[in-house]
Amino acid sequence: MSKFMYVFRGGAIATTGLSPTEVQAHLKKWYDWMGALAKAGQTHPGGGRLMGEGMMVRGHDRTTTDGPYAESKDLITGNLIIEAASLAAATEIAQGCPIFEFDGSVEVRPIHEM
Amino acid sequence: MREPAPRPAEIAGDLFRRESARLVAALTRVLGPTNLPLVEDVVQDALVSALSAWQLGAPNDPRAWIIRTAKNRAIDVIRRQRRHTALFAPGADDAPDEGALARSLDHALEGAEVDASQLAMMFSICHDDLSADTHVTLILRFLCGLGSREIARAFLVDVPTIDRRLHRGRERLQSLGRLYDVEADDDVRARLPSVLRALYLLFNEGFHGTDAENPLQAALCDEAMRLVALLQSRASTASPEVHALAALFAFLGARLETRMGDDGIFVPLAEQDRARWNRALLDHGVVCLGMAATGPELSRWHIEAGIACEHALATSVEATRWAQIVTLYDALYALLPGPVVALNRALAVAELEGEAAGLRALDAVRGDARLVSYPFYWAAFADLARRRGDVAEAVAHYESAARVSRSRAERVAYERQVAKLVRRGG
């Protein structure tokens, strides 16, 4: 098995105008998905839970700016490390992620084994 | 190294909806209705933060987490606002310091104070300048925590209509210097009828809801019952009318479970399993009706609660005290003459004196333009025809009822009546 990192961008967190019930219903979908992953022994929980705000330090000059740093659909909203047999398998697992309900994206990146 | 597995993460019931409504009322009371948009943003932010922070597992006390986050966020935003103001008008900032603000927020977020804030919000919303539809819309938004799409779905209107009502309501609320104070303001009694009517519409939307597949539908009845209980809990807002409305909700609410079958189709009163009616709610209704029976006032809520009580306590349709019900409908019609009351009265007359008398009573509303798109109107004629044994006419009327029905739950219920008659007739 190899390790992969999912980098989440956009999704419900970057969507405005959701009702409290919609937010809670969406959270439940994450729990269902995470529960299914955990059952399959795939998760390394503790992946990043990112707050909405932050700072950006960029370039030779270390130019420091407030967030948001990207369009909301490109905003990194979290990450998760999973185990899978191959990049193709990890990509397949990502298909079930609830982030797509709100048009988010999952970048699937293999992690070097040290 | 592997970290511990995430906690089994289940967020109970409608925590987000309830807490957001409680927070909006509490924060608006402290920060003033002028800051309503800020308050709505702060609460929305707290929920989205929860979505982000809890994705891998919920905290031990989710409710406390949301409240704390919203509070900190509010202080943060106000701090930033003050800094901004101080920049443009140095020395103009005479507002209390942050410590005092944090203390007043903490105080406002305590249970009893949140109830007081919700009452304040309810009375602020139900002003005569706004229509009854707008009152209910604002209650659903600011006291029940529903979003525009959900309110639109409950009312069967489009989202822009709801957004327009919310916009009007927000403007009106923002123009108030502070939220209404039910303990100090002297026209509580004058505003109460609008508040009660709004809660009645809210309950009705849940009870006769047009969208049976909507999971929030039953929650509307619960919310109406919760808010009327809030009115009952304070000496300043409790009155015989309030208790009467609470009784009406309790008697109808007791039947909520049985009025729809497992297949989501309405079950006629005569076919409902009365043993499954909610005993605790029936008892609560009787207690409320007792409290309502003080003072000289006989409001429409008293009469409607009386009718609902007769149905609720009868062991069957046959054992129902129809004479009492007809008398109550007479009183209701005297108070609120209208085609729907006349229609229901005619059905009670039919039970008491037979189909011919019922039909004569129905003649008063026959062809009423306000009723022809109302399924119960056609169902009334159909029921009487069925009992007379006139299958053809009954079928025709049930088909009309099905045609104008407002949901699948209603339509299929009438189609089943047709099928039953056809089976028996053929």
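# Two chains, read by question

User: Which pattern does chain A follow when read along the sequence?
Analyst: This is a predicted model, in which local features need pLDDT of at least 70 and side-chain atom pairs pLDDT 80 or more, while totals for chains, interfaces and linings use all residues; side-chain values use heavy atoms, without hydrogens and water. Residues are numbered from 1 along each chain as its sequence is written, and chains are lettered from A and ligands numbered from 1 in the order in which they are written. Helices (DSSP runs of H or I, at least four residues) and strands (runs of E, at least two) are numbered from the N terminus. Chain A has two helices and six strands, and along the sequence they give the pattern β-α-β-β-β-β-α-β.

User: How many helices and strands are there in chain B?
Analyst: The C-alpha atoms of chain B fill a box of roughly 85 × 65 × 40 Å along the principal axes, and the C-alpha trace of chain A spans about 45 × 45 × 20 Å. The count for chain B is 19 helices and zero strands.

User: What share of the 426 residues in chain B is buried?
Analyst: A residue is buried under 20% relative accessible area, exposed over 50% and partly exposed in between (1.4 Å probe, protein chains only). In chain A, buried residues make up 38% of 114. In chain B, the buried share of the 426 residues is 53%.

User: Among contacts in chain A between residues at least 6 apart in sequence, what share joins residues at least 24 apart?
Analyst: A contact means heavy atoms within 4.5 Å. With the cut-off of at least 6 apart in sequence, the share of contacts joining residues at least 24 apart is 66% in chain B. For chain A the share is 76%.

User: Where is R62(A) found?
Analyst: R62(A) is not a glycine, yet its phi is positive, near 50 degrees. With a relative accessible area of 58%, R62(A) is exposed. Its place is the loop between strand 3 (55-58) and strand 4 (63-66) of chain A.

User: Is D103(A) buried or exposed?
Analyst: D103(A) also has a positive phi, about 65 degrees, without being a glycine. D103(A) lies in the loop between helix 2 (87-94) and strand 6 (105-110) of chain A. Its relative accessibility is 67%, so D103(A) counts as exposed.

User: Which parts of chain B does the pair D129(B) and R172(B) tie together?
Analyst: A salt bridge is a side-chain nitrogen of Lys or Arg within 4 Å of a carboxyl oxygen of Asp or Glu, and D129(B) and R172(B) form one, with the closest N and O atoms 3.2 Å apart. D129(B) lies in a loop and R172(B) in a helix, so the pair ties together parts 43 residues apart in sequence. At 56% relative accessibility D129(B) is exposed, whereas R172(B), at 17%, is buried. The parts are the loop between helix 5 (111-125) and helix 6 (132-142), and helix 8 (residues 159-175).

User: Which residues are joined into one network by salt bridges that share partners?
Analyst: R191(B) and D187(B) form a salt bridge, their closest N and O atoms being 3.9 Å apart. R191(B) is buried at 13% relative accessibility, while D187(B) is partly exposed at 28%. Elsewhere, salt bridges with shared partners make one network of D14(B), R17(B), R18(B), E223(B) and R226(B).

User: How many salt bridges does a search of the whole structure find?
Analyst: Side chains of opposite charge can pair when their charged atoms come close. One further pair is D185(B) with R178(B), where the closest N and O atoms are 3.0 Å apart. Over all chains, the number of salt bridges is 40.

User: How many residues does the contact take from domain 3 and from domain 5 of chain B?
Analyst: Domain bounds come from an automatic or database domain assignment; in chain B, domain 3 is 239-320 and domain 5 is 374-426, among others. The centres of domain 3 and domain 5, taken over C-alpha atoms, are 26 Å apart. The contact takes seven residues from domain 3 and, from domain 5, nine.

User: Leaving aside neighbours within four places in sequence, which residues is R387(B) in contact with?
Analyst: R387(B) sits in helix 17 (residues 375-388) of chain B and is partly exposed, at 30% relative accessibility. Its C-alpha atom is 9.2 Å from that of G354(B), 33 residues away along the chain. Apart from neighbours within four places in sequence, R387(B) is in contact with A350(B), E351(B) and E355(B).
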